[in-house]
Amino acid sequence: LPVDVQFSIGELVRSMSEGMAWSTEVFARQGGVLVDADQVARYCRNVIGNPALFLLRLVVGAKPSQDMRRDALAVSEMVQLANVTRDIETDLVRGVAYHAALKPYLGEAGNGDARNETVRQVREEFLGLALRRVSSYRRLFEGVGSYLTAAARVAAVLMLLFTDLQIG
């Protein structure tokens, strides 16, 4: 592999391992829960943001601009918030929660009214956070569109249209 790609892979491995170490330590220290929006954003960036920055560097062929970097990290939050939102109940059973309000339900597989209402509220909050990041996806696509193959551009446009339909 070219030296710049080797360097990018090294940065990816380093950033992901630091992110995993941070996440593991925080979940352990806080009893399986992330307690605020800053921790959730950092977790999302650790999970998807670092690989997104790696891919962006490969697509652009150089270090991405600060604007591209900011948008890629916001898009990674959007995607991971959708994943977290989808998996709330499963994660609770595993003893993991990405919102402080869910802490009383860690380890539970039940469907009590209070639990269901809390899950609904958290899901709504996370979806709102994700949707506020949609404009970053558009800016990122517009910034890297000329670097993409035709198939990748079509996939990106379809994702953008689908996202617009969901909030429009």
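Accessible areas come from the Shrake-Rupley method with a 1.4 Å probe, and for residues only the protein chains shown count as cover. By that method, the accessible surface of this protein is about 9,400 Å². Carbon and sulfur atoms hold 60% of that surface.

This is a predicted model, in which local features need pLDDT of at least 70, side-chain atom pairs count only at pLDDT 80 or more, and totals for chains, interfaces and linings use all residues. Residues are numbered from 1 along each chain as its sequence is written, and side-chain values use heavy atoms, with hydrogens and water left out.

**Overall build**

The protein has seven helices and zero strands. Helices (H or I, at least four residues) and strands (E, at least two) are DSSP runs, numbered from the N terminus. The protein has 168 residues, and 40% of them count as buried. Buried means under 20% relative accessible area, exposed means over 50%, and partly exposed lies in between (1.4 Å probe, protein chains only). Contact means heavy atoms within 4.5 Å. Among contacts with a separation of 6 or more, 62% join residues 24 or more positions apart.

**Two packed helices**

Two packed helices are described by the angle between their axes and the distance between the axes. Helix α3 (residues 66-86) packs against helix α5 (residues 113-131) at about 165°, with the axes 8 Å apart. That makes α3 roughly antiparallel to α5, a term for angles over 145 degrees. Axes are lines fitted to C-alpha atoms, for helices over the stretch in contact, and angles run from 0 to 180 degrees between N-to-C directions.

On the α3 side, the contact is made by M78, L81, V84, T85 and R86. On the α5 side, R123, F126, L127, L129 and A130 take part. By class, this contact has seven nonpolar, one polar and two charged residues. Ala, Val, Leu, Ile, Met, Phe, Trp, Tyr, Cys and Pro count as nonpolar; Asp, Glu, Lys and Arg count as charged; the others, Gly among them, count as polar.

**Two single residues**

The contacts in the table leave aside neighbours within four places in sequence.

| Residue | Place | Relative accessible area | Contacts |

G107 and V93 are 14 residues apart along the chain, yet their C-alpha atoms are separated by 4.3 Å.

Key
Angles under 35 degrees count as roughly parallel, over 145 as roughly antiparallel, 65 to 115 as roughly perpendicular and the rest as oblique.
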